[in-house]
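Here are some notes for a colleague who is meeting this structure for the first time. Please read them with the model open.

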Amino acid sequence: MVKFLVDLNDPVIKGYLSRLVGDEGFKVVLNMPEGEVTDEQIAQATGVLLNIVRRTLFILYENHLASYRRVRDTDSGWLTYLWKLDLNNLDRQLEMESKKLLKNLKTKLEFEEGKVLYACKKKCVRLGFETAAELEFICPECAEDLEFEDNEKLTKNLKQRIVDLEEVTSGASG
Ligand SMILES: [Zn+2]
């Protein structure tokens, strides 16, 4: 198993990678053999299906977390891809990810804060009071009743997540 500078047991890092490549893909990252290896060697070493290994490598490559070298076999002429994990960019990726998430949360909070919302029972729509009243509290998608939705808890939650995240991101850059 490769030794990384990053801690793969860290919940933030683990969460990020699992979202990126899935649980099986994370197994690949975790048990990736050391040095340059082929996808078949990785599948063998990790016990993960070859097509999932390939998909994982491709996603990691796209996110600058893995690299490959092409080698031509002098006898057969076949091209072999030798893969290597490179998690040095992970910190930067995580920081970018956090900033993106922070922006999304702020946009969401802006929408939620101080609003009286009505939501469809089947969760098709969430509308402000005026729009809901115009529709006579009937869902425009499925004709179910629209019900008052107390979003205070959600708003509070969003605020807390923003505070937490701001702490992390400013801590990372400073
Ligand atoms: Zn509906």
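1. The pLDDT is the predictor's confidence in each residue, from 0 to 100, and the chain averages 90, with 95% of the residues scoring at least 70.

2. This is a predicted model, in which local features need pLDDT of at least 70 and side-chain atom pairs count only at pLDDT 80 or more, while totals for chains, interfaces and linings use all residues. Residues are numbered from 1 along each chain as its sequence is written.

3. In helix α2 (residues 39-46), the residues D39, I42 and T46 are buried, that is, 20 or more other C-beta atoms, placed from the backbone, lie within 10 Å of their own. They lie on the same side of α2, because they cover an arc of only 55 degrees around the axis, taken from the directions from the helix axis to the C-beta atoms. An α-helix has 3.6 residues a turn, so residues three or four places apart point the same way.

4. What covers these buried residues of α2 includes α1, α3 and β2 (79-85), where contact is counted if C-beta atoms, placed from the backbone, lie within 7 Å. Just after α2, G47 takes a positive phi of about 75 degrees.

Methods:
A residue is buried if 20 or more other C-beta atoms lie within 10 Å of its own, exposed if 12 or fewer, and partly exposed in between; C-beta atoms are placed from the backbone. Helices (H or I, at least four residues) and strands (E, at least two) are DSSP runs, numbered from the N terminus. Two residues are in contact if their C-beta atoms, placed from the backbone, lie within 7 Å.
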